[in-house]
Amino acid sequence: MLHLRVIAPVDRSTEVVELLSAEAGVTHLAVLPGAARQPPGDLILCDVVRESADRVLRELRQLGVDTSGGIAADDVELTISAAADRAAEEAPGSGADAVVWDEIAAKTGEQTELSGTYLVLIVVATMIAGIGVLLDQPILIVGAMVVGPEFGPLAALCVALLRRQLGAIGRSVQALVVGFLAAMVATVLSTWALTAAGLVSREMLLAERPLTDFIWRPDALSWVVGLLAGVAGMLSLTSKKSGSLVGVLISVTTVPAAANVAVAAAYGAWDEAGGSALQLVINLAAIVLAGLLTLVVQQVWWWGLARRPRRPATG
């Protein structure tokens, strides 16, 4: 359930209240006339089940509330109310499967920024994975996957492609390209430094690495894993379930491959570097394709639910 705070201009307040009152998924409706000061207007509070939230937000925007007033939404972790239970029963669909597109767009929009924190995290993750590759240690690969932040820009890219937001597409691609390039350059330099210190060597890369050599040997399963990761990532984003854990799944297909590119390039093992680069490209393409298709299916599904006859609110 979401808690909405709506500032509606006085001349639109009645329309907003009527809209919310007619929606079965809305409950706990309260109106404070003239309470808002900036911007001026009436303050309208209500709770809306997630199944109805996307439609309610869309209709509020159609009334121009977002331009002449304001809309804010917060998650409600606990609601003890018979009225809320009735709203959830009367709204079509399941709250666990509900997609609130404005919420997703806002969440992923924050992930397109090429921030210092993002760069540090992806550099650190790739350097850790580079050491894991040389030592053939899956535990270090897993640690790098936990640190990797690339799930954010990948998710933002999928949403931006669906909504045809060219600016967000460009920012997401920039974050991914610059992030991975910076991470690989830093990993090349760190590999050279560790080699100079006698901690690692080229022989470690060329030796048998049964636990991690899959990273630079792309095959049909690489595409399958990328597709599955993309589906899981989008579902975690839209359903708000286990997002951090699914981010780790996304990283298993990206950060280790980028690290292997860097380590192999540092030692001039260009065949292995090329294989890892191909692995990275395949996985990124599969994740984006699967994520976009998942969003399309969800959008079509919820459009179908929106066309069902709306049940009136029961109070």
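This is a predicted model: local features need pLDDT of at least 70, side-chain atom pairs count only at pLDDT 80 or more; totals for chains, interfaces and linings use all residues.

Me: How many bridges join strand 1 to strand 3?

Reply: Two strands pair if DSSP finds at least two bridges between them. Strands of a sheet pair through backbone hydrogen bonds, either parallel or antiparallel. Strand 1 (residues 2–8) and strand 3 (residues 40–48) run antiparallel, and the number of bridges joining them is seven.

Me: Which strands stand at the edges of the sheet?

Reply: The sheet is open, with four strands in the order 2-3-1-4 and antiparallel pairing. An edge strand has a single partner strand, so one side of it is left without a neighbour in the sheet; here that applies to strand 2 (26–37) and strand 4 (70–75).

Me: What angle does the direction of helix 2 make with that of strand 1?

Reply: Helix 2 (residues 50–62) packs on the sheet and touches strand 1, strand 2, strand 3 and strand 4. Contact means heavy atoms within 4.5 Å. Axes are lines fitted to C-alpha atoms, for helices over the stretch in contact, and angles run from 0 to 180 degrees between N-to-C directions. For helix 2 and strand 1, the angle is about 15°.

Me: Which residue forms a cis peptide bond with Gln38?

Reply: Look at the loop between strand 2 and strand 3, where Pro39 has its place. The peptide bond there is cis, with omega of about -5°, and the partner of Gln38 is Pro39.

Me: How are helix 6 and helix 13 placed relative to each other?

Reply: Helix 6 (residues 116–135) and helix 13 (residues 255–266) pack with their axes 8 Å apart, at an angle of about 70°. Angles under 35 degrees count as roughly parallel, over 145 as roughly antiparallel, 65 to 115 as roughly perpendicular and the rest as oblique. The two helices are therefore roughly perpendicular.

Me: Is Asp136 buried or exposed?

Reply: Asp136 lies in the loop between helix 6 and helix 7 (138–147), and has a positive phi of about 55° although it is not a glycine. Buried means under 20% relative accessible area, exposed over 50%, and partly exposed in between (1.4 Å probe, protein chains only). The relative accessibility of Asp136 is 12%, so it counts as buried.

Me: And is Arg164 buried or exposed?

Reply: Arg164 is in the loop between helix 8 (151–163) and helix 9 (166–196). Phi is near 55° for Arg164, a positive value in a residue other than glycine. With a relative accessible area of 72%, Arg164 is exposed.

Me: How far apart in space are Thr112 and Arg171, C-alpha to C-alpha?

Reply: Thr112 sits in the loop between helix 5 (101–109) and helix 6, and is buried, with a relative accessible area of 5%. Not counting residues up to four places away in sequence, Thr112 touches Ala156, Ala168, Arg171, Ser172 and Ala175. Thr112 and Arg171 are 59 residues apart in sequence, yet their C-alpha distance in space is 5.4 Å.

Definitions and conventions:
Residues are numbered from 1 along each chain as its sequence is written. Side-chain values use heavy atoms; hydrogens and water are left out.
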